[in-house]
Amino acid sequence: MKSADIRKSFLDFFQAKDHLYTESSSLVPLNDPTLLFTNAGMNQFKSFFLGEEAAPHPRLISVQKCVRAGGKHNDLDQVGYTARHHTFFEMMGNFSIGNYFKEQAIAYAWEYVTQVLQLGLEKLHISIHHSDEESGKIWLGQKGFKKDHLHRLGDEDNFWRMGKVGPCGPSSEIYYDLGPAAGNDPKLDYVGGEGDRFLEIWNLVFMQYFENEEGQRSSLPKPSIDTGMGLERMATVLQNKNSNYDTDIFTPYLNFIEEKTKVKYDPSEKGVAFRVLADHARTTTFLMSDGVKPSSEGRGYVLRRIMRRAIRYAQNLSHQEGLLTSVSEQVISTMTKDYPVLTTQKDNILSSILKEEERFLETLDGGLKIFHEVKLQLEKENSKIVPGDICFKLYDTYGFPLDLTEVVAKENQLTIDKDGFDSALQQARELSKSGSSSFKTNN
């Protein structure tokens with residue numbers, strides 16, 4: 001099943017269950033200072049769950065564009081190295097605002113994955129919070145459900161909180177067993193583990209308590225449902241792949257990069273540059289379409305980190321200029337049907353990306369030259385740690401975000417002195433505040 005068909009089938013299924021479709025909100029959260037970017041489907045419905053506003057309908061659905069590249073949810077460093085981490089992704093979700101609760105939410109989920117998507121019963125595993133016997137009984141009552149496929153896990157895996165104070169509750173996750181061939185570490189390949197064999201495809205949150213500052217919980221007068229199903233992960237399952245990057249969501253970009261660079265894509269670790277470029281081009285394109293511009297602070301700085309990471313990897317593939325811009329143009333062409341704003345903002349997006357590419361490429365070679373000299377010196381000293389002051393120099397003079405320096409270090413079997421970098425950065429800031437230095441970041 002193609003990704004476009006998955007998206008449509010999800011929306012059709014829940015609209016038939018009296019859910020109101022709501023368009024994706026901006027990646028820049030509206031009136032929510034607690035979030036850097038929209039990172040979950042429920043973000044735009046937060047005021048409904050808190051009772052601050054009346055929902056337009058008690059049952060809602062959406063396909064929400066999300067970014068996780070800063071703050072609590074930050075997958076940036078893992079992108080390209082794993083089969084399923086992304087900085088940008090689409091989250092399908094159904095929501096109940098004080099309407100139906102566990103019994104219907106579980107029944108809907110089971111009906112959708114087993115009857116609509118027709119996933120094999122032997123492949124499906126369910127996790128619940130170990131204290132949530134009610135959910136356990138409901139799952140065991142679903143047609144064809146296998147008793148030994150129910151797993152009871154702890155707070156870290158199956159208990160959700162909106163914040164330190166506020167609505168919370170147990171959750172239940174649906175996993176798909178990709179099979180032994182997908183795993184590479186028996187110690188990690190279990191339901192709830194960090195391995196690649198058991199893929200979490202859907203999370204059902206049962207919002208039933210309010211937790212106060214003392215950690216005391218009381219039952220909510222209107223328990224609610226918040227779910228999230230990653231489109232990229234579901235495409236992996238339905239297209240019989242082991243990696244999100246092998247699905248029709250990413251292969252057009254990987255093929256384009258192949259044609260553009262004349263380099264063959266390798267699905268192993270050698271293909272990291274392809275995957276980073278494909279993922280980061282999507283993130284860059286969508287953030288810019290929502291008005292974020294690369295800068296030296298806040299959301300703009302996170303965007304700049306993403307772009308410069310992509311540009312660095314692009315240079316590993318080919319020294320041609322404008323590669324990130326070219327891939328971004330493909331993103332616009334591919335996704336504008338579902339997100340028309342991409343075409344509306346196309347000229348602004350592409351010109352901004354190209355300008356940032358040109359700016360960074362002017363200093364990239366100089367920074368890499370400095371790094372090479374440091375590497376030679378470290379070899380003489382028999383050291384494997386890049387000093388913090390060097391990391392800061394690369395940041396301050398050459399515009400290398402720290403994580404980019406870490407990437408280059410890793411490629412050379414080195415680590416970085418993060419504490420030393422933080423110390424140098426703090427010292428520079430203090431000097432700047434006191435007026436005794438003309439310190440200015442050049443990134």
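How many of the residues of helix 6 are buried? I counted 7 of its 8, which leaves helix 6 mostly covered.

**Ground rules**

I am working from a predicted model, where local features need pLDDT of at least 70, side-chain atom pairs count only at pLDDT 80 or more, and totals for chains, interfaces and linings use all residues. Residues are numbered from 1 along each chain as its sequence is written, and side-chain values use heavy atoms, with hydrogens and water left out. I take helices (H or I, at least four residues) and strands (E, at least two) as DSSP runs, numbered from the N terminus. I call a residue buried under 20% relative accessible area, exposed over 50% and partly exposed in between, with a 1.4 Å probe and protein chains only.

**Entry: helix 6**

I listed the buried residues of helix 6 as L231, E232, M234, A235, T236, V237 and L238. I then looked up what covers them, with contact meaning heavy atoms within 4.5 Å. The cover includes helix 1 (3–15), strand 5 (88–96), strand 9 (166–177), strand 10 (198–211), strand 11 (217–230) and helix 8. Just after helix 6, I noted N240 with a positive phi of about 55 degrees.

**Entry: E232**

I stayed with E232, which lies in helix 6 (residues 231–238). Which side chain makes a polar contact with the side chain of E232? I found R282, at 3.0 Å. A polar contact here is a pair of N or O atoms within 3.5 Å; within protein, one must be able to donate a hydrogen and the other to accept it, and residues adjacent in sequence count only if both atoms are side-chain atoms. Leaving aside neighbours within four places in sequence, I have E232 in contact with H86, F88, F89, E90, N244, T247, I249, F250 and R282.

**Entry: helix 7 and helix 8**

I looked up helix 7 (residues 251–261) and found Y253, L254, F256, I257, E258 and T261 buried. These buried residues pack against helix 8, helix 9 (298–317) and helix 10. After helix 7 comes K262, with a positive phi near 65 degrees.

I checked the packing of helix 7 on helix 8: the angle is about 115 degrees and the axes are 10 Å apart. Axes are lines fitted to C-alpha atoms, for helices over the stretch in contact, and angles run from 0 to 180 degrees between N-to-C directions. I recorded the crossing of helix 7 and helix 8 as right-handed. A crossing is right-handed if the near helix is turned clockwise from the far one by less than a right angle, and left-handed if anticlockwise.

On the helix 7 side I have Y253, L254, I257, E258 and T261, which meet F274, R275, L277, A278 and R282 in helix 8. I sorted this contact by class into 6 nonpolar, 1 polar and 3 charged residues. Ala, Val, Leu, Ile, Met, Phe, Trp, Tyr, Cys and Pro count as nonpolar, Asp, Glu, Lys and Arg as charged, and the others, Gly among them, as polar.

**Entry: helix 8 and helix 10**

I next took helix 8 (residues 272–289) with helix 10 (residues 323–335): their axes come within 9 Å and cross at roughly 70 degrees. That makes helix 8 roughly perpendicular to helix 10. Angles of 65 to 115 degrees count as roughly perpendicular, under 35 as roughly parallel, over 145 as roughly antiparallel and the rest as oblique. I noted this crossing as right-handed.

From helix 8, I listed L277, A281, R282, T285 and F286, meeting L323, L324, V327, S328, V331, I332 and M335 of helix 10. The residues of this contact divide into 9 nonpolar, 2 polar and 1 charged.

**Entry: K102**

I found K102 in helix 3 (residues 102–116). K102 is buried, at a relative accessible area of 2%. I recorded a 3.3 Å polar contact between the side chains of K102 and E134. Not counting residues up to four places away in sequence, K102 touches D132, E134, S135, I138, P170, F206, Q208 and I225.

**Entry: R308**

I located R308 in helix 9. Is R308 buried or exposed? I have R308 as buried, with a relative accessible area of 2%. The side chain of R308 makes a polar contact with the side chain of E356 at 3.2 Å. I also found the side chain of R308 reaching the backbone oxygen of G399 at 2.7 Å.
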